[in-house]
Amino acid sequence: MSNARSTGELGFQRHIVNNSNGCAILSNRGRYTTFEYNGRTITFLHGKDLIEYLGVKEWDDGYLVVECRGKLKGVFEDYIDLAHILESLYMDPKAFLYGIDEVRIAHA
């Protein structure tokens, strides 16, 4: 079952989804990437070249391999270590990431 609410944080519209289906959502806007799962969102900066995330190639308990489109590089592969980001935010990675079976791109 899913409950969604809309918020205008960071000057753009996005949806926070309380889900129990094991699916997290990755998206970006401007220089920020958001990762949402079970009603909780983390937001962090990414490289200047990134235009958009195209797809998730691999999800391994906090480590993402993503396909991206960049201004200079065109289509390229990138890596996101969410466990490290969560630790930097003084959050427990195991607690935040518990139950995530897959990650989808917001617009895909």
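I count a residue as buried when its relative accessible area is under 20%. With that in hand, I opened this predicted model and began with the whole chain.

**Entry: the chain overall**

By the cut-off above, 39% of the 108 residues in the protein chain are buried. I then looked up the surface: the chain exposes about 6,700 Å², and 48% of that comes from carbon and sulfur atoms. For secondary structure I found nine strands and two helices. Reading from the N terminus, I noted the order β-β-β-β-β-β-β-β-α-α-β. I also checked the contacts between residues at least 6 apart in sequence, and 33% of them join residues at least 24 apart.

**Entry: His46**

Next I went to the loop between strand 5 (40-45) and strand 6 (50-60), where His46 sits. Is His46 buried or exposed? His46 counts as buried, because its relative accessible area is 10% and the limit is 20%. Setting aside neighbours within four places in sequence, I listed its contacts as Asn28, Gly30, Arg31, Tyr32, Thr33 and Tyr53.

**Entry: Lys73**

My last stop was another loop, the one between strand 7 (63-70) and strand 8 (74-81), which holds Lys73. Why does Lys73 count as exposed? Its relative accessibility is 56%, and exposed means over 50%. I also looked up Lys73 against Leu50: the two are 23 residues apart in sequence, with their C-alpha atoms 8.8 Å apart in space.

Conventions
Residues are numbered from 1 along each chain as its sequence is written. This is a predicted model: local features need pLDDT of at least 70, side-chain atom pairs count only at pLDDT 80 or more; totals for chains, interfaces and linings use all residues. Side-chain values use heavy atoms; hydrogens and water are left out. Helices (H or I, at least four residues) and strands (E, at least two) are DSSP runs, numbered from the N terminus. Buried means under 20% relative accessible area, exposed over 50%, partly exposed in between (1.4 Å probe, protein chains only). Contact means heavy atoms within 4.5 Å. Accessible areas come from the Shrake-Rupley method with a 1.4 Å probe; for residues, only the protein chains shown count as cover.
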